[in-house]
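Student: I am new to this structure. Could you show me how to read it, one feature at a time?

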Amino acid sequence: MFFYSPPYILQKLCPSVLHWKVDTQEKEIYLTFDDGPSSSITHEVLRVLEHYQAKATFFCNGKQALENPEIIEMIKQSGHGLGNHTFSHIDGWKSSEIDYFRDVKRCKEVFHSSLFRPPFGRITREQARVLSKQYHIVMWSLMTYDFHPKINSERSLKEMIRKAAPGSILLMHDSEKAEGKVISILTGVLEYFSGSGFTFNSLEDAFSRKT
Ligand SMILES: [Zn+2]
């Protein structure tokens, strides 16, 4: 099951603080983009989202956000959500808690968000416990593998169409490593699911609706 591979151990360890999907019966899908903003990709992603009147959530690294403040502003102005993805894309399994929390805080100083996604999906139980007091910690339901050299857009799209369901959180990247694939996967997902009556909302709205 190559395509559906969130770290299951984590799901077992922290079932209550990590969100792997949105709890809804409505025809809603949540698109998320990690590791941006990027001057070469994010504009195009925003254009495609606008064309389909879809909202998404961008889990940005503070470092990229500092370098591209006008794109952060554009994301906000367009009604999309922002999420903290740490300042320097730090790996929670390979860093001390002090370093990890410092990096999260550094990102927070660049832009505010109520959402957090751990880089690489790696977070310890203690990191999750502490951060869940400040953030909704959002993982994902389906990974598009838009960055993976051995997976082409057609295969990725086919998997999304087969597996996405109400409340699914899809993971894509608005970064160079996904260039060439993310736009075609995104367009295919929007075309197919819009046609099937789905809407696309930001995760900030989904979580604020519940609390
Ligand atoms: Zn990342």
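Tutor: Start with the cysteines. The sulfur of cysteine 60 is 7.7 Å from the closest cysteine sulfur, that of cysteine 107, so the two are too far apart for a bond. A disulfide is a pair of cysteine sulfur atoms within 2.5 Å. By this rule, the count is zero disulfides.

Student: What kind of model is this, and how are residues numbered?

Tutor: This is a predicted model: local features need pLDDT of at least 70, side-chain atom pairs count only at pLDDT 80 or more, and totals for chains, interfaces and linings use all residues. Residues are numbered from 1 along each chain as its sequence is written, and side-chain values use heavy atoms, with hydrogens and water left out.

Student: Are cysteine 60 and cysteine 107 buried or exposed?

Tutor: Buried means under 20% relative accessible area, exposed over 50%, and partly exposed in between (1.4 Å probe, protein chains only). Cysteine 60 is buried, at 0%. Cysteine 107 is buried too, at 0%.

Student: Which residues are the protein donors of the zinc ion?

Tutor: Donors are N, O and S atoms within 2.8 Å of the metal (3.2 Å for Na, K and Ca); water is not among the atoms, so sites may look incomplete. Here they are Asp35 (OD), His85 (NE2) and His89 (NE2), 2.0 to 2.1 Å from the zinc ion. Their spacing along the chain is D-x49-H-x3-H. Aspartate 35 sits in the loop between strand S2 (28-34) and helix H2 (42-51), and histidine 89 in the loop between strand S4 (81-84) and helix H5 (97-110); the pair is 54 residues apart. Helices (H or I, at least four residues) and strands (E, at least two) are DSSP runs, numbered from the N terminus. Aspartate 35 is buried, at 10% relative accessibility.

Student: Which residues touch the most other members of the largest nonpolar core?

Tutor: In soluble globular proteins, nonpolar side chains tend to be buried together. A nonpolar core is a set of buried Ala, Val, Leu, Ile, Met, Phe, Trp, Tyr and Cys residues joined through side-chain atoms within 4.5 Å. The largest has 36 residues, and Leu31, Phe33, Leu49 and Phe58 touch the most other members. H8 gives the most to this core, with six residues.

Student: Where does glutamate 179 lie?

Tutor: Glutamate 179 is in the loop between strand S8 (169-173) and helix H8 (182-195). Glutamate 179 is partly exposed, at 47% relative accessibility. Not counting residues up to four places away in sequence, glutamate 179 touches Ser40 and Ile41; contact means heavy atoms within 4.5 Å.
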